[in-house]
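Here's a quick walk through some aromatic pairs, a helix and the sheet beside them. Have a look at the model first, then read on.

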Amino acid sequence: MRTIVQKFGGSSVADPSLIKNVAQRVVHTKDEGNRVVVVVSALGDTTDELLDLVHKITDHPGEREIDMLLSTGEQVSIALLAMAINKLGYSAISFTGFQAGIYTDDAHSKARIIKIDPQRVRQELDQDKIVVVAGFQGITESGEIATLGRGGSDTTAVALAAALKADLCEIYTDVDGVYTADPRVVPSAVKLDSISYDEMLELASLGALVLQPRAVEFAKNYAVPLSIRSSFNDYEGTLVGEVESVENCRPVSGIAHDLNVAKIGIFDVPDCPGMARKIFLTLANEKINVDMIIQGWVRDDRNDIVFTVTRGDLERALPVVEAIVKEIGASGFVYNDQVAKVSIVGAGMVTNPGVAADMFKVLAREGINIEMISTSEIKVSCIIQEDQSIKAVNALHAEFIK
């Protein structure tokens, strides 16, 4: 008997009628002879509504109390979905993250799963029950509730699938699958039938909102087959898995853009061993994630270092950077939160030279200046001005997706 983990996002369970629709999908999967675990997010905009309540109380809430509050959203949705499934004549039981054995580190609001003990989940599956698990949350070793950050329910679902050695993890969302670009921005974008783990990881990390990057990491590390599907129709989605041959891959599979980017530059950094480590270790200790990094040309034993962070981390990063500048004797720093990152992704880049040059040609033709460049074997990313991002994405899609 196969084990299938299904995840439904907030838009899929936004109201009672949609919850009933999800219940029908779940029992249909059960009727096909599968053991079923369902991971759900909070209803609709519940998380945002709870955060609005927080800011009506205080402008400086503690992260522990925020997690205590936000975790209640999923507790509502799992109970309601279990009730809907039970009403259809099937046996279902709901679990919070703690009850499902999901343990995290203690980084409130952006915790990482460190282990899963699925014993209780297995026991209920063995009794032929459908298990409904709260996404987005877990418990620390010291017994504190911690949330996984935006998109954390994806990670919950894939991590559970890995722990249960599930045959498939289905991520149900409000789109039909993974597209060659955001169809809201690029009308000509088309759905992909399949995509490799590496390509999906790059697209997710670069701004494609269909799947959370940590979820893809789990899937790749534990070889969990993923299917990205819509909860509003029965169309086949996009399969995410191992690629058979890089030589048979498209040079470019997708175009991504990310507006959640800010750029910070530090001037006249002393050019000596360990200086870069000092800068970025200090930022890491404050749990500030750094993405792209460029170190400029050395002059008079000094250079400039430019890097990007998320806009959400910018406010916390600036005082840290200011302190670093004083400590290392740099001359100053600047920042810009009106930038965007555009990227091309494709496993076939490995065997197709000149793809980066073609990207730069397109941007130059459109009069778009490149401020930073980052590459890997299967992606090229450029930082540009935010107001040029839509033009850039459409031009790149027209060039590479034919």
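## Ground rules

Buried means under 20% relative accessible area, exposed means over 50%, and partly exposed is in between (1.4 Å probe, protein chains only).

The model is predicted, so local features need pLDDT of at least 70 and side-chain atom pairs count only at pLDDT 80 or more, while totals for chains, interfaces and linings use all residues. Numbering runs from 1 along each chain as its sequence is written, and side-chain values use heavy atoms, with hydrogens and water left out.

## Aromatic rings

Rings of Phe, Tyr and Trp (its six-membered ring) pair if their centres lie within 6.5 Å; planes under 30 degrees apart are stacked, over 60 edge-to-face, and the rest tilted. That gives three aromatic pairs. Phe 218 and Tyr 222 form a stacked one, because their planes sit at 20°, with the centres 6.0 Å apart.

Phe 280 and Phe 307 are edge-to-face, since their planes are at 80°, and their centres are 5.3 Å apart. Phe 280 belongs to helix H8 (residues 275-285) and Phe 307 to strand E16 (residues 302-309), so this pair ties together parts 27 residues apart in sequence. Both of these Phe residues are buried. Helices (H or I, at least four residues) and strands (E, at least two) are DSSP runs, numbered from the N terminus.

## Helix H8

Which residues of H8 are buried? They are Met 275, Ile 279, Phe 280 and Leu 283. They share one side of H8, because they cover an arc of only 120° around the axis (the arc is that of the directions from the helix axis to the C-beta atoms). Facing away from that buried side are the exposed residues Arg 277 and Asn 285.

The cover over the buried residues includes strand E14 (262-270), strand E15 (293-295), E16 and helix H9 (311-328), with contact meaning heavy atoms within 4.5 Å. After H8 comes Lys 287, with a positive phi near 60°.

## The sheet

Four strands make an open antiparallel sheet, ordered E15-E16-E14-E17; two strands pair if DSSP finds at least two bridges between them. E15 and strand E17 (332-336) are the edge strands, each pairing on one side only.

E15 and E16 are joined antiparallel by three bridges. Ile 294 has Val 306 in E16 as its bridge partner.
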